[in-house]
Amino acid sequence: MISEHKTAEVSLEHLIRIFTVPEGPDSTLTEIEEKLSQNLNRFLREHIAAEEKPLIDIEKDFAKATIPESPEFVSQHTQHLLDKLVAHSVHTSSPSFVGHMTSALPYFLMPLSKIMIALNQNLVKIETSKAFTPLERQVLGMLHRLIYSQEDSFYARWMHSANHSLGAFCSGGTIANITALWVARNNALRAKNEFTGVEKEGLYKAMKYYGYEGLAILVSERGHYSLKKAADVLGIGQEGLVSVATDTNNRICPIALQEKIAQLKNNNIMPFAVVGVAGTTETGNIDPLDEVAKICLQEGCHFHVDAAWGGATLMSNNYRGLLKGIELADSVTIDAHKQLYIPMGAGMVLFKNPNAMKSIEHHAQYILRKGSKDLGSHTLEGSRSGMAMLVYAAMHIISRPGYELLIDQSIEKAQYFASMIENQPDFELISHPELCLLTYRYIPESVCNALLVASNERKAELNDHLNQLTMFIQKKQREAGKSFVSRTRLNPEKWNKLDTIVFRVVLANPLTNHEVLHLVLEEQRRIAQQAPRLMNSIEQLCNDILAS
């Protein structure tokens with residue numbers, strides 16, 4: 001531990017040293033590297049504080065808005081980061097932190113990430129990426145084949161074609177979804193006769209030429225919020241993102257979809273794209289993709305599948321049938337930083353047709369020249385890191401059967417947890433898991449009896465009280481720092497489609513076991529007893545309902 005704050009001298013010699021010479025064997029940074037390589041999870045467990053520090057206090061540690069005039073020694077600053085940043089970060093790899101998509105990472109990604117950072121390749125063009133470009137094209141080909149199952153000859157022809165692309169690497173699902181819908185919009189308003197295309201003449205002239213009053217993207221009520229951003233960025237407007245009703249299992253209703261499309265066309269609004277969801281963010285449910293695909297084919301709509309969460313399920317021969325119909329999609333989003341277990345910042349969009357991305361192709365004289373294999377000619381983002389290297393490595397080191405094991409255990413663990421919740425007298429399962437996500441909440445035993453005779457008005461009162469209790473438990477559990485579940489709002493049939501606050505868990509972490517899940521429920525049960533006012537109010541309301 002460094003107690004005295006020292007500063008280094010500002011000199012070219014010192015700067016060259018930090019560019020070229022690693023820290024000594026006894027330095028803080030070297031010690032961290034050794035511990036990270038020996039046992040990543042233990043290092044994080046030791047350095048991330050269990051008790052939550054209020055955000056307002058953390059902000060005080062990062063309150064100075066001036067760039068330092070004196071440089072710090074590397075080890076000294078590293079200790080500062082350990083104390084002020086690492087200690088108060090979220091322990092995403094903890095087996096008991098089951099509230100988010102982020103999970104434990106394979107240890108080999110740490111040293112490989114150092115190689116990736118050291119090489120500092122820019123995937124926008126061949127001149128700054130060289131071998132990374134064909135590697136990224138291969139990874140896109142591998143994921144394309146996972147979805148569309150084309151023959152060897154298809155990939156031999158298109159995977160490394162300078163004038164085509166099977167998809168694009170992105171920083172995440174948001175950019176991937178925007179890219180897919182950008183392609184769809186430009187293809188829908190393509191050049192025709194004297195009109196040179198929406199990408200050249202703009203949306204106003206395109207609408208005027210084609211005679212439309214507006215454009216629309218359709219998605220279920222459980223669509224990801226990134227689609228609103230896409231509608232905004234593409235000039236369609238958030239009102240152009242049309243919500244379609246879902247069934248009791250949070251899946252889009254095909255009949256409702258057809259009705260919405262008909263209404264839009266009657267109003268001279270062009271529904272140019274439909275988004276099917278393969279793994280909703282809140283509940284993990286999957287739309288009937290094959291039925292949606294048929295409707296899109298009949299209506300002439302681009303069919304995009306947002307499989308940012310569920311796409312990795314295709315790795316499992318045992319469960320890939322859950323995504324039946326995804327092979328009919330025109331485009332698919334997959335996030336590698338979810339169930340492909342890659343660090344944050346690795347999303348992909350794949351296109352069935354190798355020509356699809358020509359509608360967004362851009363060139364420049366100093367970069368992205370016509371005929372080159374520069375990947376930046378088909379991406380929304382310009383400069384990008386070589387994250388494809390980590391996906392490539394993981395797919396080789398873990399392999400498809402390895403991913404199958406990871407996917408299978410996550411789904412089966414969610415099924416186990418759902419069964420456990422259903423067998424508890426004071427917990428209620430809200431959504432049954434299709435993938436490894438599920439939702440539930442704590443309800444005192446007295447509520448179950450009261451629900452059998454409660455009027456709709458009293459049911460709404462009970463729901464309000466339970467919402468407050470759920471928020472209290474979730475907040476206290478997070479603050480305690482032992483475990484973590486997230487929360488969201490659903491509208492379950494059992495509760496008359498009232499706004500219902502529920503716990504949400506994501507069981508993707510292979511380190512999470514059955515014992516941890518039992519402890520999560522036990523902790524929530526104990527925390528509920530720390531809210532006597534709420535618990536007494538619920539008990540009294542139940543007694544009133546039963547007495548009336």
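I worked from a predicted model, in which local features need pLDDT of at least 70, side-chain atom pairs count only at pLDDT 80 or more, and totals for chains, interfaces and linings use all residues. Residues are numbered from 1 along each chain as its sequence is written, and side-chain values use heavy atoms, with hydrogens and water left out.

**Domains.** I noted domain 1 (1-89), domain 2 (122-384) and domain 3 (405-547), with bounds from an automatic or database domain assignment. The C-alpha centres of domain 2 and domain 3 are 35 Å apart. Their contact (heavy atoms within 4.5 Å) takes 22 residues from domain 2 and 24 residues from domain 3.

**Interface.** I looked up the salt bridges here, each defined as a side-chain nitrogen of Lys or Arg within 4 Å of a carboxyl oxygen of Asp or Glu. One spans the interface of domain 2 and domain 3. I also found that arginine 251 pairs with glutamate 434, with the closest N and O atoms 3.2 Å apart.

**Other salt bridges.** I recorded 19 in the structure. Glutamate 299 and lysine 265 meet at 2.7 Å, N to O. Glutamate 479 and lysine 476 meet at 3.9 Å, N to O. Arginine 525 and glutamate 522 meet at 2.7 Å, N to O. Lys53, Asp61 and Lys84 are linked in a network.

**Accessibility.** Arginine 525 is buried at 18% relative accessibility, where buried means under 20%, exposed over 50% and partly exposed in between (1.4 Å probe, protein chains only). Glutamate 522 is partly exposed at 37%.
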